[in-house]
Structure formats: structure tokens, C-alpha cells
Amino acid sequence: MEFTDMSTSSIGILWALVAMVGWGLGDYFIQRNVRVIGIWRTLIFINIIGTVILFPLVYKELTQIQNFGDVLYPIITGFVMLVATLFDFEALKQGKLAIMEPILSIELPIAAIFAVLIWSESISWAGWLLIIAIFIGITLAATEHHAHLQYHKRIFEKGVVYALITAVGMALADLLAGISSQKTSPLLTVYGIWVFILVITVIYLAKHGELKKIGPDFRAHPWALLAVGIFDTLGWIGFCYGAKSIPIAITTAIGQSYIVITILLGIFVNRELIKRHQIIGVATTVISVIALAWITG
């Protein structure tokens, strides 16, 4: 798929940057909330807040739906994203976070390959080099200890298989979200994904008797939960609008660089210390994202 209009490309780059910032801030608040109320209860707040925010924006589109495909694309995307998320949970449950995170970063090159092979996107050699550079930067930034970069020594670690499945699943979800945005609309895509996952999450929490904890959770942590819902939803809106204007592979590369935002928040807000190779990774990612944005837009 070709994208040639320069003004459209520039807008697409801006939306991809919105995805990067939204996901970065969202990930920061996800980590904070998960440690307090758990994964599933954090997930339901993301979906509830996201659907409430999006409903007024997609109401007219919902009343004008005539083609089942308009609904099918977001549902399939939501299903793939939920399955990948469950594998992600299992990977993090079985394995060490420091070892799982660099493996999960493989999502980026897989998503780029999917976009080219499945969706026939065209990326220049310079674009490929910068995508690879961003992947290397993300991997370095996400790796706490340089020894964990030795992938061949970690193949038999617990949780690695689940992490690899997660990376492939999320890469496929990125592609499907981009395709859905191009076929239908970005807002309808995000809304459909959120509604689907919300229904599944409500069923899960009701089955485990945890649905009654939602009210007390919100009363105890209103601002942190509002923040995670707003920023994660904003991240996906940015991604879907970006994927409608520029190649999905490019949007994914820029959006996945959100780890830079997360690390910077960790440094300046949580006073965390990072290693030299992580600093190199952050610098590599930032420079590569700027270069990729420049050659694209």
C-alpha cells in the first residue's frame, strides 16, 4: 500500500507520536495500578473509561453501520489483542520481567514484516534500517542487565515461549488495528476493541467474584485509574489515526518507542537509575524515531 501525500504523511507522523506519548504514560500508570489492584481490574477500568470517552465521538458512526465487516474487523482485533494479553500475563507470571521485556520487543520487527508480507506495504531501505535501529534501541532500553541480551542463553528460560507468542500476537493485533482503521475508521476501531475486551473482562471478574471490588477500587484510586484509561485510549487512537495515514509498519515503529517515555518517567518521577546500555538504547531510539519521522513526513 502506497502513501504519497506529504501533508497526510506529516499528520500521520504526528498521530504516531501521540501513540508513543499516550502508550508511554499509559504504561507508567498501568504498572502503578496493576501492583495495587491487579491486572484484570486495571484492564476493566481502561475499557470502561475508554468506551465512555469514545461513545460520543462514534455515536453517529454506530448508527450508520450497514456492513458487518465494519464491526467484524474491530472484534477480530480485540480477540487477538486479548489472547496476546493473556499470553503476556502468563509470560510475566512464569518468567522474570527483566528477561521477558527484551523478548516482547520483538513485536516491532514482526509487525513490520507482517505489514509488508500480508498488507503489501512498501518501505524504503532507509526506513527498514531505522526500524531495525529503533528495535535495537528499544531492546537495549528495556534490558536491565546486559547479560540478558544474550538471547541464545535464554531460550530455555521459563515463560520465553509465552513471551514469543505474545510478541507475534501483539504484532498481528497492530496489523489488524491498522487495517481496521483503513477499512472503517480509527475511532470505531478503538471503540470496537474496547467494547469487546470489556465484555470479556466483565464476564471474567463476575465469574471470580471480583466485580464488586470495582467501586471501592475507583474510590481509592480515582486519578490513577482515570489516567490509565485516558492515556492508553489516547495511545490507541493515535496509533489507529497514524496507521490510516502512513504505513502500519512506520506507525508501529514510532508508537512502540513509548518505552522511552516510560523510562524517562521512571528517572524523573520515581528517581530510578538506569544502566549505560539503557541510556544508549534511549538515545538510539529517540534519534531513529526523529529520523524516521523526517524521511516519512
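Is Leu72 buried, partly exposed or exposed? Leu72 is partly exposed, with a relative accessible area of 34%; buried means under 20%, exposed over 50% and partly exposed in between, with a 1.4 Å probe and protein chains only.

The model is predicted: local features need pLDDT of at least 70, side-chain atom pairs count only at pLDDT 80 or more, and totals for chains, interfaces and linings use all residues. Residues are numbered from 1 along each chain as its sequence is written, and side-chain values use heavy atoms, with hydrogens and water left out.

| Residue | Helix | Relative accessible area |
|---|---|---|
| Ser10 | helix 1 (residues 6-37) | 29% |
| Leu72 | helix 3 (residues 68-94) | 34% |

Ser10 and Gly242 are 232 residues apart along the chain, and their C-alpha atoms are separated by 9.5 Å.

Helix 11 (residues 248-255) is largely enclosed by the rest of the structure, because eight of its eight residues are buried. Among them are Ile248, Ile250 and Ile254.

Beyond its neighbours within four places in sequence, Met81 is in contact (heavy atoms within 4.5 Å) with Met170, Ala173, Ile193, Trp194, Ile197 and Trp236.

Conventions
Helix = DSSP H or I, 4+ residues; strand = E, 2+ residues; numbered from the N terminus.
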